[in-house]
Amino acid sequence: MGSGGRMSENKIVLVKRKTRLEELVVRYNTVQQAQFYIERLGADFSDYISEDLTYRKAVETAVIELSALGRVQVLERQHVPNFIFGDEDTVVVLGQDGLVANTLKYLQEQPLIGVNPDPQRWDGVLLPFTVNDLRLLLPEVFRSRRQVREVTLAKAELNDGQSLYGVNDLFIGRRTHVSARYLLRHGGTAEQQSSSGIIVSTGLGSTGWLRSVLAGAAGISRSAAGLGLTAAAGSIAAAGFPGAAGREQAAGANAGGVAAAARMSQDTGRQGQADGAGAGMASRLAWDDPNLYFTVREPFPSRTTSAGVVFGRVGKDEPLRITSQMPEDGVIFSDGVESDFLEFNSGVEAVISLAEKRGRLVV
C-alpha cells in the first residue's frame, strides 16, 4: 500500500465531458435561458436536467472511488489533445463511446477503462463498466490481472512532420465536405480524383462509417442492377471526351471496386447472421484487425479525374498516399472530431498507414 492506504502512487486520470445542459449554458449563459430555448422548440427540458444530474453524480462517485485507490486528476474532454499522459498512468473515461475513442488515440498504450455513467441511457459498446465497479476493478488493473484487448489504430502522417491517429476512422477531404481534389496512390496505381472525401476505417470502426458505406454500396449495386445499370455505364458520359478508352477502363475498375465493397458487405453480413450480429450489413471486424479499409465517397469521373480506385485495403506494407490539390479548407480529422484536425492543402502529402502503437482497452 502507498501513503494513506492507496494501492498506487501512479496517477489515475479521469476523463469527463460536458453534458448537453452544460453546453447549452455555455451558449445561452443561464439554465433559465437554455430552458426557454429548448421548450420554445417543443423539446423536453427535463431530460437535459435528468441527464446532467445523473452524469454529475457519476463523476462524484468515480472521484470518491478512485481517490481511495490512488492520486486522481480530473481531465475535461477539450484538454485531452494537449495533455501529457504519464507512462504509468491509468486512464478512466466516463463515456460515451466517442469519448473513449477520442481519448484512446492520444495514449501511448496506457490501459483505458471505459465507464458507462448512465446504463439506462447509453448502450456503450466500449463502456463495459459502471462507477460502482471501479473499487474492485482498479486493483486488478494495477496488478495486471485484468484482460486487455488491443486495438489497431490508423495514422495519417504529413510530409511536414505532423501526424494524427484514428481509433475508428480518418476523414480526408474538404472542411465543408464539398468536392476535394487530390492525387491518390495505392498498390502501384496513381489516380487524379475529385470526390467528397476519403474514409479510412479500422477494425474497431467497422460498425460505424465503414458499415454505412458498405451497406450503401450493396444497396446501390442491387438496385442499379435491377434497373439495368452498372458502374461501367458511366463511361457512356465520358465517350465524347479525349482519352475515353482510358476512362472506360477506369470505369470498369470502378465497377470492380463497387463490386468488391458489395461482396465484403454481403460476406460480413452472412457472418453477422451466423454469430447473431445482424444481417445484410458489415459485421464488426476484430478490434486488432491488421488492416485498414479505405473508401472514396462519391468519386466524380471527368476529363481530368478518374474513379477507378474507390475501395481498398491498407496493410502493413501497403500504405495509402494522398497528395492534396486543394488550395484551401483541406483537412484530415479522426473519429468524427472536426475541431481537432490537420490542415491538408495544396502540395501536402499524407501517408495513411497502420499506426506504430496500439490502443489498450480493459475488458
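I began with contacts (heavy atoms within 4.5 Å): among those between residues at least 6 apart in sequence, 70% join residues at least 24 apart. This is a predicted model, where local features need pLDDT of at least 70, side-chain atom pairs count only at pLDDT 80 or more, and totals for chains, interfaces and linings use all residues. Residues are numbered from 1 along each chain as its sequence is written, and side-chain values use heavy atoms, with hydrogens and water left out.

**Overall.** I found 8 helices and 16 strands; these are DSSP runs, helices being H or I of at least four residues and strands E of at least two, numbered from the N terminus. Of the 363 residues, 47% count as buried (under 20% relative accessible area; exposed is over 50%, partly exposed in between; 1.4 Å probe, protein chains only).

**Helix α6.** I looked up residues 209–226 next. This helix has 18 residues and reaches 26 Å from first C-alpha to last, close to the 26 Å expected (1.5 Å times one less than its number of residues). Leu210, Leu214, Ala217 and Ala218 are buried. They cover an arc of only 90 degrees around the axis, which puts them on the same side of α6; the arc is that of the directions from the helix axis to the C-beta atoms. On the other side, Ile220 and Gly226 are exposed. Gly228 follows α6, with a positive phi near 80 degrees.

**α3 against α5.** I then checked the crossing of α3 (residues 45–67) and α5 (residues 134–142). Their contact is made by Ala62, Ile64, Glu65 and Leu66 of α3 and Leu134, Arg135 and Leu138 of α5.
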